[in-house]
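Have a look at it first, then read on.

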Amino acid sequence: MDHVVVVGAGLAGVRSVEALRAHGFAGRITLIGEEPHRPYDRPPLSKAVLLGQTDSTVVDSDLEALDVRLRLGVAAKGLRDGVVETTEGELDYDGLVIATGASPIRLRGEGSQHVLRTIDDALALRARLVPGARIVVIGAGWIGAEVATAAAKAGCEVIVIEAAEAPLAAALGAAAGGHTAPWYERAGVDLRLDTMVGSVDLGGVTLMSGGRIDADVILTCVGVRPAVDWLKGSAVTVEDGVVVDEHLRTSLADVVAVGDCANWWSRRFGRRMRVEHWDTALGAPDTAAATLLGEVAVYDPVPYFWSEQFGHMVQFAGHRGVATHMVLRGDPRADEKWAVCWLTGEDRLTAILTVDRPRDLVQGRRVVEGGQRLDVARLVDPAVTLRDC
Ligand code: FAD
């Protein structure tokens, strides 16, 4: 293999370059990215950047030492056998890494709506978060909650509109997500549940119910779609992202996919997974690089995610889709620090959510990995160390 092209210069893309070199690949590597910026981290965009604590989140990677040809402001437009078509001409490849991430969904309507995916989005939004500004955040998911936190801190009047019956309902289910609802009120944020936005209009949003909410700033945070349109018409199978096997290989032998855009087969959970989390973009490239270079490697992590919202460190590990029931560790109404555990077959942990209990998260993730049985009577007692349950 002489030339590997990596499409998408985000975290998964740059980690793919590093992994290829770490696995001994000495040929040419070209990294192309649609954005004009060097690869940067996105988690701080809705945290430190919005809070005004930093303007740059560039990934710490020595691209010069990695001897990679970095082509920024160049987008892939199509793929055919051994050739990536780009906005700047064609690129031949022997091996290809697809790392194009995901793009935010926008709602219909003529009004101006912010989204938050890029550093440019974050800086533009931050400039609007001034005391007294009326900001409507559509969607009480992870990013909506973090933006509401920053906007309330900046002195804005914040309304969060959520279609489901609880915040984080899509990620955690309404029962677990509902435990975070009181945080909004305490931060002075007006949370409107069971409320659907019909359209984003000039100076406000119109609700499905017909009502209207005026706003100076509207942020749409209703999720993302894998950025894979450029693969239309190619031989790469796409279905909710790029379909890859447990080695992260696509339907083409010389093409792998990583990060937010990859829909991989998880041996551990016996199902396909597409995980839009930083840890996946960080970890998957090692397997993908090994696969591309002819080694045998399997990607089968216990997915991990964190969020910082309303003064809490929220962490999640595992996959709750296979759980039969959940139990609380601590009482969210009484305790500052609590956790939710999802179990299968009565006593096996399959996912854990922790609030300001980082040790539970680390130990819980290991238990999910190891698959050992737990004593649930001890698990529900937050005073008992999780690894001793
Ligand atoms: P991306 O970071 O999206 O990078 C893909 C790159 O490919 C982009 O630069 C894009 O412009 C480029 N691209 C797309 N299409 C093309 C094309 N056709 N040609 C060339 N280039 C293209 N995760 C956590 O675990 N914890 C958090 O707290 C957290 N906070 C987040 C906060 C925000 C505001 C956002 C947006 C995400 C957050 N995430 C968090 C998720 C995490 O950042 C993503 O999972 C991670 O960025 C995925 O990396 P990636 O490289 O797969 O994709």
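## A helix tucked inside

Let's start with helix 3, where Trp142, Gly144, Ala145, Glu146, Val147, Ala148, Thr149, Ala150 and Ala151 are buried. Keep in mind that this is a predicted model. With nine of its 12 residues buried, helix 3 is largely enclosed by the rest of the structure.

Helix 3 runs over residues 142–153 and reaches 17 Å from its first C-alpha to its last, close to the 16 Å expected. Just after helix 3 comes Gly155, which takes a positive phi of about 90°.

## A threonine in a loop

Now hop along to Thr180, which sits in the loop between helix 5 (174–177) and helix 6 (181–186).

What does the side chain of Thr180 reach? It gets to the backbone oxygen of Gly177, at 2.8 Å. Setting aside neighbours within four places in sequence, Thr180 is also in contact with Pro167 and Leu168.

## Around the ligand

The ligand has 32 residues around it, and the closest are Glu35, Arg42, Lys47, Arg117 and Asp260. By class, that shell has 17 nonpolar, eight polar and seven charged residues. Helix 1 (11–22), helix 7 (278–292) and strand 21 (304–309) each supply at least two residues of the shell.

Glu35 has a polar side-chain atom 2.7 Å from an oxygen atom of the ligand, and a polar side-chain atom of Arg117 also lies 2.7 Å from a ligand oxygen. Taken alone, the ligand exposes 990 Å², and the protein buries 95% of that.

Note on methods
Residues numbered from 1 in each chain as written. Predicted model: local features only at pLDDT ≥ 70, side-chain atom pairs only at ≥ 80, totals over all residues. Heavy atoms only, no water. Helix = DSSP H or I, 4+ residues; strand = E, 2+ residues; numbered from the N terminus. Expected span 1.5 Å × (residues − 1). Buried < 20%, exposed > 50% of the residue type's maximum accessible area, 1.4 Å probe, protein only. Polar contact = N/O pair within 3.5 Å; in protein donor to acceptor, adjacent residues only side chain to side chain. Contact = heavy atoms within 4.5 Å. Near = heavy atom within 4 Å. Areas by Shrake-Rupley, 256 points an atom, 1.4 Å probe, with all protein chains shown as cover. Nonpolar A, V, L, I, M, F, W, Y, C, P; charged D, E, K, R; others polar.
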